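I opened this entry to record what I looked up, step by step. I wanted the chain fold down before the contacts between chains.

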Amino acid sequence: MDIKGKLDEAGIPLVAVGSGSPGGASHFIEKLHFTGEMYVNQDLRAYRAFKLERGFWKTLGPASLIRGIQAMREGFRQGRMDGDNWQQGGVFVMGPGNAIIFQHRNKFAGDHADLDAVLAAVLRDSPVQPA
Amino acid sequence: MTYDELKPRIVGITVQSLQGNEVRIESLWEGRRIVLAFLRHFG
C-alpha cells in the first residue's frame, strides 16, 4: 500500500499547495489522479512563510541535475510547467492546531522527504493506525 | 522551525482553492492533522 493509502486509512488528509494556476492544478489532478486537497499560492507568500528554498542553483545545480537524470532513467518526463520554475517544495505534518510534527524543506530539486519518516510522524500519537 | 516561529510568518497568508476562494493557510490544520505538501510547480 502506498503512502496515500496509509494516510487514508489513518484519516489524515493530504493537502497540496502549488505555485501554479488553478487550471494547472486541475490538469495535475487529472493527469496524476491526485485525490488529496489542492490549493494554489501564486504569489509564493506561503512558500516564503515556511522558509522554502528558491533559486536558480536550487533548480539547476549539480545535485538537481543528477536527480533529474535519475528520474529520466526511471521514465519521468517533464511536461509543460505551470508555476514558479525556481521554487522548491517541502513536506510538513501539521496539527491539529498549533503544532509542526514534521518538516522537510527540499534543498534542491529532487531532494524529497523520506516518506517513511513522514508516515511515522503522521501516526505519532494518532488514535487511528493503519492495518 | 518551531510553531511559535512560524505563527507570525503566516499571519494574513492565504491560499486559493480551485474554486477561487481565499482560505487562511492555518485553517487547513485547524482541528486536524494533515500532511501539507508544497509542490514545486505543476507539469
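**Entry 1. Chain A as a whole.** I began with the secondary structure and counted six helices and four strands in chain A. I am working from a predicted model, and I keep that in mind throughout. Read along the sequence, the pattern of chain A is α-β-α-β-α-α-α-β-β-α.

Next I checked the dimensions. Along the principal axes, the C-alpha atoms of chain A fill a box of roughly 40 × 30 × 30 Å. I then asked what radius of gyration chain A has beside that of a compact globule.

Of the 131 residues in chain A, 31% are buried. For contacts in chain A with a separation of 6 or more, I found that 59% link residues 24 or more positions apart.

**Entry 2. H1 and H6 of chain A.** I turned to the two helices H1(A) and H6(A). Their axes lie 11 Å apart and the packing angle is about 0 degrees. Angles under 35 degrees count as roughly parallel, and H1(A) and H6(A) are therefore roughly parallel to each other.

I listed the residues that meet. From H1(A) come Ile3(A), Lys6(A), Leu7(A) and Ala10(A), and from H6(A) come Leu115(A), Leu119(A), Val122(A) and Leu123(A). By class, this contact has seven nonpolar residues, no polar residue and one charged residue.

**Entry 3. Ile12(A).** Ile12(A) sits in the loop between H1 and S1 of chain A. Is Ile12(A) buried or exposed? I found 22 C-beta neighbours inside 10 Å. The cut-off for a buried residue is 20 or more, so Ile12(A) counts as buried.

I went through its contacts, leaving out residues up to four places away in sequence. Ile12(A) touches Leu7(A) and Val122(A), and also Arg33(B), Ile34(B) and Val35(B) of the other chain. I also checked Leu123(A), which is 111 residues from Ile12(A) along the chain. Their C-alpha atoms are separated by 8.9 Å.

Entry 4. I traced the strand order next. An open sheet of seven strands runs S4(A)-S3(A)-S3(B)-S1(A)-S2(A)-S1(B)-S2(B), with mixed pairing.

A reminder to myself: strands of a sheet pair through backbone hydrogen bonds, either parallel or antiparallel.

I then took the pairs between chains. S3(A), residues 90-94, pairs with S3(B) in the antiparallel sense over five bridges. There, Val91(A) has Ala37(B) in S3(B) as its bridge partner. S2(A), residues 37-40, runs antiparallel to S1(B), and two bridges join them. Tyr39(A) stands opposite Ser17(B) in S1(B).

Within chain B, S1(B) and S2(B) pair in the antiparallel sense over three bridges. Val15(B) stands opposite Val23(B) in S2(B). I noted that these two strands form a hairpin with four residues between them. In the turn, Gly20(B) has a positive phi of about 90 degrees.

**Entry 5. The contact between the chains.** Last, I looked up the interface totals. How many residues of chain B are in contact with chain A? I found 31, and they are in contact with 53 residues of chain A. On the side of chain B that touches chain A, H1 (3-9), S1 (14-17) and S3 (34-38) of chain B each supply at least two residues. S3(B) gives the most to that side, with five residues. By class, I noted 18 nonpolar, seven polar and six charged residues on the side of chain B that touches chain A.

Key: Residues are numbered from 1 along each chain as its sequence is written. Chains are lettered from A and ligands numbered from 1 in the order in which they are written. This is a predicted model: local features need pLDDT of at least 70, side-chain atom pairs count only at pLDDT 80 or more; totals for chains, interfaces and linings use all residues. Two residues are in contact if their C-beta atoms, placed from the backbone, lie within 7 Å. Ala, Val, Leu, Ile, Met, Phe, Trp, Tyr, Cys and Pro count as nonpolar, Asp, Glu, Lys and Arg as charged, and the others, Gly among them, as polar. Two strands pair if DSSP finds at least two bridges between them. The radius of gyration is taken over C-alpha atoms; the globule rule is 2.2 Å times the number of residues to the power 0.38. A residue is buried if 20 or more other C-beta atoms lie within 10 Å of its own, exposed if 12 or fewer, and partly exposed in between; C-beta atoms are placed from the backbone. Axes are lines fitted to C-alpha atoms, for helices over the stretch in contact, and angles run from 0 to 180 degrees between N-to-C directions. Angles under 35 degrees count as roughly parallel, over 145 as roughly antiparallel, 65 to 115 as roughly perpendicular and the rest as oblique.
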